[in-house]
Amino acid sequence: MHLLPKDALIMAPMVDLSHVAYRQLIRSMGGCDLFYSEMLNSRIVPVESPQTSIYLKWAVKDDLIFQLLGNEPGRMEEAASRLDTYEPWGVDINMGCWLNKVTVHGWGAALMKDMEHARAVLAAVRKSVKNRPVSVKIRIGYTPDKGYLLDFASMIQEGGADFIVLHARTVPEGMNRKARWEYIAVLKDHLSIPVVGNGDVRTPEDAVSMMRQTGCDGVMIGRQAVIQPWIFRDIKALMAGNPISEKPDLEGVILNLLDLLTRYFPPDVALKRFKTAVFWLGGNLTFGHHLSKETGRARDAAQAHEIIRSCFEKGIS
Ligand SMILES: Cc1cc2nc3c(=O)[nH]c(=O)nc-3n(C[C@H](O)[C@H](O)[C@H](O)COP(=O)(O)O)c2cc1C
């Protein structure tokens, strides 16, 4: 059984973003310790194959955690068992997604409403995944009630999870308000299994502050890892007391991602995912929205390539 690396740096699960191409991009820029896949629906995993699925794609799997979404113990067991055969580093259960289109089915954060049901879901996954870590990604809960969070997290620990990831917001908060890192500290004090903190890490200094302030065992980064795929390299430098390198050439980073996307995905999927990515990577520029709007016009990867080249040639910044 693998152990969570010390001070683990982890890329968060993100629909349409934490796919094989982005993961390869991050690896090419220094990498992180572990990557989460996009959330995978437990109803679909058993009937999909890595040969045809756009979600079950990987170049490296010994640092990859597949994230499962669902609430039916039987289907979760079957899906986890299938994922286990692909031999990833680990399997995660999504108990944190707040979106209505997910919670309406009782999936994601909706599981935090029903401790007994969540326990059954974890037991089903644990039964299928015996020889590699199982993590559970949660939020604070539906209210900022520390007592409930600690009871829920204890249930997860007793249910045999190897570590917990806490996105330190309540479910109704969605992505609003500042993440409540103090809840990460409270959870860390209470549990014996490792706790990974998540929410609002935007700079290398933030990552180090989260570790210092909360005592967490790892830091998970979502949005800033897609805006600055080199952030993990910079965090490692800061933690080692080394100088932080210059920012890489953004045009090169964007074109490299386009190449990777076209290598791993069918043309229409690659283009759609590229447009999504440019929206985020544009966050490095004052006029990033212009880059994103221009790229939105591309009808194929070659056009997208030309648009990016021409925007940077004109000196977009
Ligand atoms: C576009 C997008 C897609 C996301 N998809 C998922 C997902 O599939 N599973 C999940 O558990 N969380 C998902 N999240 C939440 C992130 O994993 C993370 O918890 C959240 O963004 C907070 O971290 P950050 O402040 O570092 O971005 C998503 C977030 C974003 C912005």
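**Legends to the close-up views**

**S37 and its contacts.** Beyond its neighbours within four places in sequence, S37 is in contact with P13, S18, L64, I65, F66 and Q67; two residues are in contact if their C-beta atoms, placed from the backbone, lie within 7 Å. The model shown is predicted: local features need pLDDT of at least 70, side-chain atom pairs count only at pLDDT 80 or more, and totals for chains, interfaces and linings use all residues. Residues are numbered from 1 along each chain as its sequence is written. S37 lies in strand β2; strands (E, at least two residues) and helices (H or I, at least four) are DSSP runs, numbered from the N terminus. S37 counts as buried because 26 other C-beta atoms lie within 10 Å. The term buried requires 20 or more other C-beta atoms within 10 Å of the residue's own, exposed means 12 or fewer, and partly exposed is in between, with C-beta atoms placed from the backbone. Although 24 residues separate S37 from P13 in sequence, their C-alpha atoms are 5.3 Å apart.

**Y36 and its contacts.** Y36 also belongs to strand β2. With 24 other C-beta atoms within 10 Å, Y36 is buried. Leaving aside neighbours within four places in sequence, the contacts of Y36 are I10, M11, A12, P13, S18, I65, Q67 and D92. Y36 and P13, 23 residues apart in sequence, have C-alpha atoms 4.7 Å apart.

**The shell around the ligand.** The ligand is surrounded by 21 residues, and the closest are A12, P13, M39, G222 and R223. A residue is included if its C-beta atom, placed from the backbone, lies within 6 Å of the molecule. Strand β2 (34–41) and helix α8 (223–227) are the elements that give two or more residues to this shell. By residue class, the shell holds nine nonpolar, eight polar and four charged residues. In this division, Ala, Val, Leu, Ile, Met, Phe, Trp, Tyr, Cys and Pro are nonpolar, Asp, Glu, Lys and Arg are charged, and the others, Gly among them, are polar.

**Strand β8 and its partners.** Strand β8 (residues 218–221) directs G218 and M220 one way and V219 and I221 the other way, and all are buried. Strand β1 (residues 8–11) pairs with β8 in the parallel sense over four bridges; a pair requires that DSSP finds at least two bridges between the strands. A8 has G218 in β8 as its bridge partner. Strand β7 (residues 195–198) runs parallel to β8 and is joined to it by three bridges. Here the bridge partner of G197 is V219 in β8. From β7 the chain crosses through helix α7 (residues 204–214) to β8, and this β-α-β crossover is right-handed. A right-handed crossover is one in which, with the strands pointing away from the viewer, the path from the first strand over the helix to the second runs clockwise.

**Strand β5, buried on its two sides.** Six of the six residues of strand β5 (residues 134–139) are buried, so the strand is largely enclosed by the rest of the structure. Strand β4 (residues 90–95) runs parallel to β5, with five bridges joining them, and I93 has V136 as its bridge partner in β5. β5 also pairs in the parallel sense with β6, over five bridges. In that pairing, R139 stands opposite H167 of β6. Together with helix α5 (residues 146–158), β5 and β6 make a right-handed β-α-β unit.

**Helix α11 and its cover.** Helix α11 (residues 267–281) contains 15 residues and reaches 20 Å from its first C-alpha to its last, close to the 21 Å expected at 1.5 Å a residue. The expected span is 1.5 Å times one less than the number of residues. A270, L271, R273, F274, A277, V278, W280 and L281 are the buried residues of α11. Their cover includes α8, α10 (250–264), α12 (288–295) and α13 (301–313).

Most residues other than glycine have a negative phi. D7, which is not a glycine, has a positive phi of about 45°. D7 is placed in the segment before β1 and is partly exposed, with 16 other C-beta atoms within 10 Å. R177 has a positive phi near 55°. R177 lies in the loop between β6 (163–167) and α6 (181–190) and is exposed, with 10 other C-beta atoms within 10 Å.
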